[in-house]
Amino acid sequence: MSAEPAGAARHAAALAVEDLHVAYGQIEAVRGVSLAVPSGALVALIGANGAGKSTTLAAVSGLVRCRGRVRLDADDITRWRSSKRVAAGLVQVPEGREILATLTVEENLQLGAWHQVEHLDEGLGEVFARFPVLADRRKLAAGTLSGGEQQMLAIARALLARPRVLLLDEPSMGLAPQIVDEVFAIIERIRASGTTVLLVEQNAHRALSAADYAYVMETGEIVLEGAADELLSNPRVVEAYLGESLGG
């Protein structure tokens with residue numbers, strides 16, 4: 001993948017964010033963020049807790065008010081309500097999963113296909129084939145699932161919306177290392193199937209290992225960007241986010 005999805009390439013991206021600002025009262029949580037996600041790519045947005053990553057995704061999804069511009073392919077969706085963005089193919093898996101614990105696994109999945117009812121049976125078949133554990137537990141209350149299974153359910157629910165661009169907000173949060181491996185294997189298979197992915201993740205090493213390109217966010221701003229494999233060896237990223245020092 002090109003190491004420069006900025007400038008002219010930004011206009012051809014599946015998802016493009018230009019000069020995004022989000023404020024909570026007098027506090028500006030996101031300041032001038034611009035990023036691009038080329039079609040079919042997996043792009044990571046990394047940074048410490050509180051850097052503004054999840055707020056950026058919320059603005060892209062239409063969940064919080066913002067200034068700037070958000071484009072989905074050729075469409076300026078900045079003023080679209082969130083439901084219209086979902087119907088157009090921009091779908092988010094939220095931080096914390098936000099499943100409905102008292103509903104069954106299958107009922108949770110059905111909610112993901114609210115605008116794809118005519119494809120529901122086909123979609124359920126696809127996600128049950130991809131996530132056999134959900135097929136086995138389809139009649140159980142979602143709250144009885146393990147944390148990893150709930151994350152799979154949240155991802156499967158988003159896939160039932162048939163996303164063109166999938167936004168993933170902290171999918172490894174609170175999961176054991178072995179389960180994190182499973183979740184990232186799922187993410188990489190989703191990307192390999194042709195779905196464009198924007199991944200927000202505190203686990204910088206896993207995110208950069210999976211991504212094509214990445215942006216580093218600090219205190220509401222993008223401070224660094226580049227090909228993900230190059231950022232993995234960038235001294236600033238290594239020292240700040242990968243939990244190790246290059247020494248010297």
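Predicted model: local features only at pLDDT ≥ 70, side-chain atom pairs only at ≥ 80, totals over all residues.
Residues are numbered from 1 along each chain as its sequence is written, and side-chain values use heavy atoms, with hydrogens and water left out.

**Entry on the sheet**

I looked up the strands, which like the helices are DSSP runs numbered from the N terminus (helices are H or I with at least four residues, strands are E with at least two). I found an open sheet of 6 strands in the order E6-E7-E8-E3-E9-E10, with mixed pairing, where two strands pair if DSSP finds at least two bridges between them. Its edge strands are E6 (90-93) and E10 (221-227), each of which pairs on one side only. From one strand to the next the twist averages 15°.

I then followed E9 (residues 213-218), which pairs with E10 in the antiparallel sense over 6 bridges, and I saw that Ala 214 stands opposite Gly 226 in E10.

**Entry on the helices**

I recorded that helix H7 (residues 147-159) lies across E6 and E7 (165-169), running at about 170° to E6; the angles run from 0 to 180 degrees between N-to-C directions, and the axes are lines fitted to C-alpha atoms, for helices over the stretch in contact, with contact meaning heavy atoms within 4.5 Å. Helix H8 (residues 177-192) lies across E3 (42-46), E7 and E8 (196-201), at about 155° to E8.

Which residues are closest to the centre of the largest pocket? I found that, of the 19 residues that line it, these are Val 86, Val 91, Gln 92, Pro 94 and Arg 157. The largest pocket holds about 460 Å³ of space, a volume being the space filled by probe spheres set on grid points that are joined across faces, edges and corners. E6 gives the largest share of this lining, 4 residues.

For the second largest pocket I noted about 210 Å³ of space, with a lining that includes Gly 123, Glu 126, Leu 160 and Thr 195. Helix H5 (residues 120-130) supplies the largest share of the lining of this second pocket, 4 residues.

Conventions:
1 Å grid on protein atoms, 1.4 Å probe; cavity = no way out; pocket = protein on both sides within 12 Å on 5 of 7 lines; lining within 4 Å.
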